[in-house]
Each structure stands twice: as C-alpha cells, then as structure tokens.
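Keep the picture in view as you read.

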Amino acid sequence: MKEPELNFEDAVLDQWSGDLRRLEKPLATNVFWLVGGCGLFIVLVVFFRIATLNLFFGDFYKNRSNVNVNQEFIIPAYRGIITDRFGKQLVRNVPSFSVSVNKSEFLKNRTRQDELLKKLSPLLEISEDTLRKIIKDVDLEKNNKVLLARNITLEQAIDLQSLKNDALIVEDDYKRDYEDPFTLSHILGYTGLIDWSKNIEGKTGLEAFYNDILQGEDGAYVIFRDAKGNALQKKIIRETKPGSQLAISIDLDLQKYFYERFQQSLQELGRHAGTGIAINPKNGEILAMVSFPSFNNNEPAKYLKSANQPLFNRAIAGVYSPGSTIKPLVALAALRENVVDTSFEIYSPGYLEIPNPYNPDKPSRFLDWKENGLVNLYSALARSSNVYFYAVGGGYKNLKGLGISRLNDYWKKFGFDKRTEVDLPGEAVGFLPNPEEKEKRSGQP
C-alpha cells in the first residue's frame, strides 16, 4: 500500500496548529506613535536646518561658493592721514606686501603642506609650528584665506612668488609709518591687526579713539576661472574707500620743543618718568603733551614687557596731586566763603609748624619752597606760597580755614572728580579725599 505524501505545509501546520496564538501578536498603538513621532522630529530638524541656512546664511554660502570657484582678493583701504593744527603730516601709509594662504588649497595634500611650511618658515622668520597653528585656528567655513604676515619686504614677496604654490597669496598692502616716533607716540598711539585678518584697527591714542573715521572700507576683486582652474578674467567687485583725514590741535614744532626740553630736564634730575601738557587757556585746546618714558610707536611690541611702562600715558591715565595749580581754586573758595579777604596777611618763614601734642619736642613741619615773609592773597598767588594756602585751607592759630568738607565741595565744582572727556582712550578719574574715606581706609578719625 502506497504511503501518503508528506507536504512541508502540512508538517508545519500540524506542528503549530495547536499554538497559532503565539505566532502573531498585534503591535501596541504606542509603538506606532513613537515611530511616527521620531520620524516627524527628524523631518522638522532637517526642515529647520534648511530654512535657517537659506534665510540667515544664504548670502554667506552663496558668496563662499563663488569664492571657491572664483578667487576673491581684498584691496586694503588706506587709513586716513593725521595732521597737526597747521596741516603738517604726522603719519603716512607706506606701500608694502602681505602673504596669505588659501586654506582649502593648502589642505588638499598633506605632503605639500609640510614642504610649503618648511620653505615659508625661514622666509617669514616664523616657526613651522606657529604657521601650522595660525592656519589651523582659522574656521574654514567662515574664512578660506589665512593671513600669515603683513609688511613683508619686496625681496620676501619675490621669494614667495617664486615658490609658485597655488595655496600662497602675495598681495599689495601698506604699513602705518609715524613721522616722529617717541615724540608723538602717546598722542597718536598705534595700530594692530584685528585677529588674523588683514584689517587693522587703532589700538591706542587717536588711532583708537577715531578708528571709525580713519579706517575706511576695503575693496575687493575677483579672478574668474574655468573648470580647470585657469584664470579667465579679473574684475573689481567693490571699490576701496580711504579713511578720512584727521586734523588735531597739536602744534608739531611746539611738541618737539616741549619733548626735547622735558627730556633734557629729566636727565639733569636723574629721573626717567614725568608728564606735561601745554593747553590754550582760552579754549582748552591741547597744544602739546608728553609722557615719559616714551616709546617708538612704529614698533610697539618691543615695549610690552618693559618694567618702566613706556606704553602707559601718564598725561591722562596717571593720577597725581595737582600741586600748586590748586592754589587759585583755594583762593577763590576762601573769598567766596569769607574765610579771608584779599588784604589778610600771613607770615611765611619758609615753613609752617604745628605743635605735636604727643611729642612736643618734635612738631609737625610743612615746608614752603622759600621764606616768603608777609604775604596776602595777591602776593601768595604771585609767589606760590605754600604756607599761606596751608593756613587758608586747613586753618592756623586764630584763622579757621576752609576745612576738608568745603574744599571737597569746591574740588567737585571744578570737576576734579570727573573725566575731562579728552579724545584719548584710557583717561583716569580723579580721586578726592574726604574724612569718611580716610577713616574707612586707615581706621583713624
């Protein structure tokens, strides 16, 4: 008798016929919601990213794509010239060269990178590690061109061009040259690079304060290339706008004379630091201003670590006691407050002696600059008598002086606690002593 054939389907169905419930189990609704939610989230992220790139960065990436095909070069705008009150030029722009690297070209071949850096290092006098770091630190997405050095010489420019490397860009540039370094350094200040871009900005002095006026706007040109990279056409896409000229109140001849005489006097005294300002009393214009020690503002980096701080402008950033220049103010206060009249006299033997209640043998002595004899308000001002104004200000014997509180009020009326708002950065604020401050600082009443 022939045995019945055994089909695969029958065997499988017979084996599982009693347990079909375990073969298929419906998925929970939450799983579908989770998968759908994840898919929607991904779609929204992609859509948001595309919208952001188009709406906010569309022009940027369009320009970047154009630059990648058609190389763009910056034409630096000359900074504005600065002149003295009579039109004498104080600074000029000297033509020079700069060298940059096209980062995308540079990164194409690792072997050529090392070869190029090895050749660049001695030519630019910059170590290979420093060059590599400069290039690495620039964000390729934002800037394809990396400035390596400015103000290179004609010989360096020729040597760099002779390398015939597509990654190297040698361009016309300029450097700021100060006609009278040291003499005008604290007034004019100096310029420096904005990060590692080719643009420069004022760092100190008038160069910094009037940077927006002096800076100008850089131009640009593009070299159009074919698909093989061959240059086809050069076209200027943005004209340069030079910075505006700046005329200042300084008298160059007076400035030179003032500087030389001040320097001579310091040498005779064996000193190295000091400051002086010559002002037109009719309108407050600064005609000359010096601060010692000075520095060469064509090479400011040499002085960054100098112990005597030549970069510090003592004329505006230093805080000093005003000395005898305060005497006319004290005289005005004394007259207005009826402390004395113009005929009131004090005898100056060359010093003012105050009894010391704790040690009678050692009185406190405050010196006049000489024995002035009997002086009233007029002669005290004419002779600059210290003793007279010590007495009028602080009181002496039967004379009740102005006292610290009233002096403080008049100092404030004359703006001693405010900045003058001179058009130079870094001006310090005056400090006015008062009883509360002294007690807090010293613990003494």
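A quick definition to begin: helices here are DSSP runs of H or I with at least four residues, and strands are runs of E with at least two, numbered from the N terminus. This is a predicted model, where local features need pLDDT of at least 70, side-chain atom pairs count only at pLDDT 80 or more, and totals for chains, interfaces and linings use all residues. Residues are numbered from 1 along each chain as its sequence is written, and side-chain values use heavy atoms, leaving out hydrogens and water.

Now find helix 15, residues 386–394. Just after helix 15, G395 has a positive phi of about 90°. Back at the start of this helix, a side-chain oxygen of S385 comes to within 3.3 Å of the backbone nitrogen of Y388. How many residues of helix 15 are buried (under 20% relative accessible area, with a 1.4 Å probe and protein chains only)? It's 7 of the 9, so helix 15 is largely enclosed by the rest of the structure. Among those buried are Y388, F389 and V392.

Who sits alongside? The axes of helix 13 (residues 327–336) and helix 15, lines fitted to C-alpha atoms over the stretch in contact, come within 10 Å and cross at roughly 40°. K327, V330, A331 and A334 of helix 13 meet N386, F389 and V392 of helix 15, where meeting means heavy atoms within 4.5 Å. By class, that contact has 5 nonpolar, 1 polar and 1 charged residues.

Methods: Buried means under 20% relative accessible area, exposed over 50%, partly exposed in between (1.4 Å probe, protein chains only). A polar contact is a pair of N or O atoms within 3.5 Å; within protein, one must be able to donate a hydrogen and the other to accept it, and residues adjacent in sequence count only if both atoms are side-chain atoms. Axes are lines fitted to C-alpha atoms, for helices over the stretch in contact, and angles run from 0 to 180 degrees between N-to-C directions. Ala, Val, Leu, Ile, Met, Phe, Trp, Tyr, Cys and Pro count as nonpolar, Asp, Glu, Lys and Arg as charged, and the others, Gly among them, as polar.
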